[in-house]
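Here are my notes for a first look at this entry. Please keep the structure open and follow the points in order.

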Amino acid sequence: FRSIDRAVLEHHSRPTGLPLILAALPEHHHRFRNVSQNHFLMAEGIMVNPDAVTNDRLQALAWQVVEPQYEARLAKLKDDFEQARATGLGSDNLSQITAAAALGRIATLFIGADRQIAGHLDEKTGKLVRGALDNPRFDDVLDDLGELVVKMGGVIVVIPAEKMPTHTGVAAIYRY
């Protein structure tokens, strides 16, 4: 268990920063947790031999563990956005968001999953550039916007459309 813990920590947990869910027989959970040095290991695990279930079933069991934290994080992000918008430090207006992105002002960008806007973004000015032949499969403003926000040190959160804090498909919390 120690060598497995060390290898997972070194090769997966530290490089990615992602949470770790232990999937093992119930009798192994306590012993593994006693020796684990991995602070990414989640408190709740999956009490099943992963070799005894399909990948789809394992994924469903993992989602049961992660979903409450995911929902809580989304709720907090929505609250943070509403507070930011109320104080002028947030917006769901695409033109305002793209201008703020060009200035490096976006701390958190929310993008609706499966949402696309044909065209591209001028990174220097933050202006939308649209042409007659724009196709969102090839030129997507939201993709360009996301890349710019990451380049400027912001965080992107892709959210299912029904869970977005606004109906515009995009929202941002500004740094200043």
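1. Start with the sheet. In this predicted model, four strands form an open sheet, ordered E3-E8-E4-E7. The pairing is mixed. Strand E3 (90-91) and strand E7 (155-159) are the edge strands, and each of them pairs on one side only.

2. Now take strand E4, residues 106-112. Its pairing with E7 is parallel and runs over five bridges. With E8, E4 pairs in the antiparallel sense, also over five bridges. Strands of a sheet pair through backbone hydrogen bonds, in either the parallel or the antiparallel sense.

3. Opposite Thr108 stands Ile173 in E8. The bridge partner of Thr108 in E7 is Val155. Further along, Phe110 stands opposite Val157 in E7.

4. Two helices deserve a check against the sheet. Helix H3 (residues 55-86) packs on the sheet and touches E3, E4, E7 and strand E8 (170-174). The direction of H3 makes about 70° with that of E8. Helix H5 (residues 141-151) packs on the sheet too, touching E4, E7 and E8. The direction of H5 makes about 155° with that of E4.

5. How many of the seven residues of E4 are buried? Six of them are, and the strand is mostly covered. Compare this with its surroundings: E4 pairs with E7 and with E8, and E4 is touched by H3 and by H5.

Definitions and conventions
Residues numbered from 1 in each chain as written. Predicted model: local features only at pLDDT ≥ 70, side-chain atom pairs only at ≥ 80, totals over all residues. Heavy atoms only, no water. Pairing = 2+ DSSP bridges. Contact = heavy atoms within 4.5 Å. Axes fitted to C-alpha atoms, helices over the stretch in contact; angles between N-to-C directions. Buried < 20%, exposed > 50% of the residue type's maximum accessible area, 1.4 Å probe, protein only.
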